[in-house]
Amino acid sequence: MNAVDFASPLFVRTSRSLVQEIASTADAIDFLLGWTETRHDILAETVLRACYDVQLGRKPVSVVEKGFSQFARRAGILEDSIKVMPWIAAGRQNGRNVPA
């Protein structure tokens, strides 16, 4: 099975001072396996199964991107990518990359 990259990475807060980037189905699987080890979370388990389906070519990656985002938002761990990595915004102007 191969990891499938997301269109845009998602960021989740894993501790008070640590934020983790989730940029592919492999990242999502690693995160969700750890999450579900200590918690019974139906949405996380559903997204985890969807990750495997994407890797097997049964579902589009957008299903996991949307599902993981909903899971992280509901869990209160989703971080705004602009706040996490302000240098991304500094290099963009009107939605386009601007050379430094």
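These legends describe close-up views of a predicted model.

**View 1. Strands β1 and β2 form a hairpin.**
Strand β1 covers residues 5-15, and strand β2 covers residues 18-24. The two strands run antiparallel. How many bridges join β1 to β2? There are 6 bridges. Between the two strands sit 2 residues. In a regular strand, side chains alternate between the two faces of the sheet.

**View 2. Helices α1 and α3 cross.**
Two packed helices are described by the angle between their axes and the distance between the axes. Helix α1 spans residues 25-38, and helix α3 spans residues 61-75. Their axes come within 11 Å. The crossing angle is roughly 35°. The crossing is left-handed. Which residues make the contact? From α1 come T25, A28, F31, L32 and W35. From α3 come V61, F68, F71 and A75. By class, this contact has 8 nonpolar residues and 1 polar residue. It has no charged residues.

**View 3. E79 and R13 form a salt bridge.**
Side chains of opposite charge can pair when their charged atoms come close. The count for this model comes to 4 salt bridges. In the one between E79 and R13, the closest N and O atoms are 3.1 Å apart. E79 lies in strand β3 (residues 78-79), while R13 lies in strand β1, so the pair ties together parts that are 66 residues apart in sequence. Are these residues buried or partly exposed? E79 is partly exposed, at 23% relative accessible area. R13 is partly exposed too, at 31%.

**View 4. D41 meets R74 in a salt bridge.**
The N to O distance here is 2.6 Å. D41 sits in the loop between α1 and α2 (42-55), and R74 sits in helix α3. The pair therefore ties together parts that are 33 residues apart in sequence. Why does D41 count as buried? Its relative accessible area is 8%, and buried means under 20%.

**View 5. D53, R58 and K59 belong to one network.**
Start with the salt bridge between R58 and D53. The closest N and O atoms of this pair are 3.5 Å apart. Salt bridges that share partners join D53, R58 and K59. R58 is exposed, at 61% relative accessibility.

Terms used
Residues are numbered from 1 along each chain as its sequence is written. This is a predicted model: local features need pLDDT of at least 70, side-chain atom pairs count only at pLDDT 80 or more; totals for chains, interfaces and linings use all residues. Side-chain values use heavy atoms; hydrogens and water are left out. Two strands pair if DSSP finds at least two bridges between them. Helices (H or I, at least four residues) and strands (E, at least two) are DSSP runs, numbered from the N terminus. Axes are lines fitted to C-alpha atoms, for helices over the stretch in contact, and angles run from 0 to 180 degrees between N-to-C directions. A crossing is left-handed if the near helix is turned anticlockwise from the far one by less than a right angle, and right-handed if clockwise. Contact means heavy atoms within 4.5 Å. Ala, Val, Leu, Ile, Met, Phe, Trp, Tyr, Cys and Pro count as nonpolar, Asp, Glu, Lys and Arg as charged, and the others, Gly among them, as polar. A salt bridge is a side-chain nitrogen of Lys or Arg within 4 Å of a carboxyl oxygen of Asp or Glu. Buried means under 20% relative accessible area, exposed over 50%, partly exposed in between (1.4 Å probe, protein chains only).
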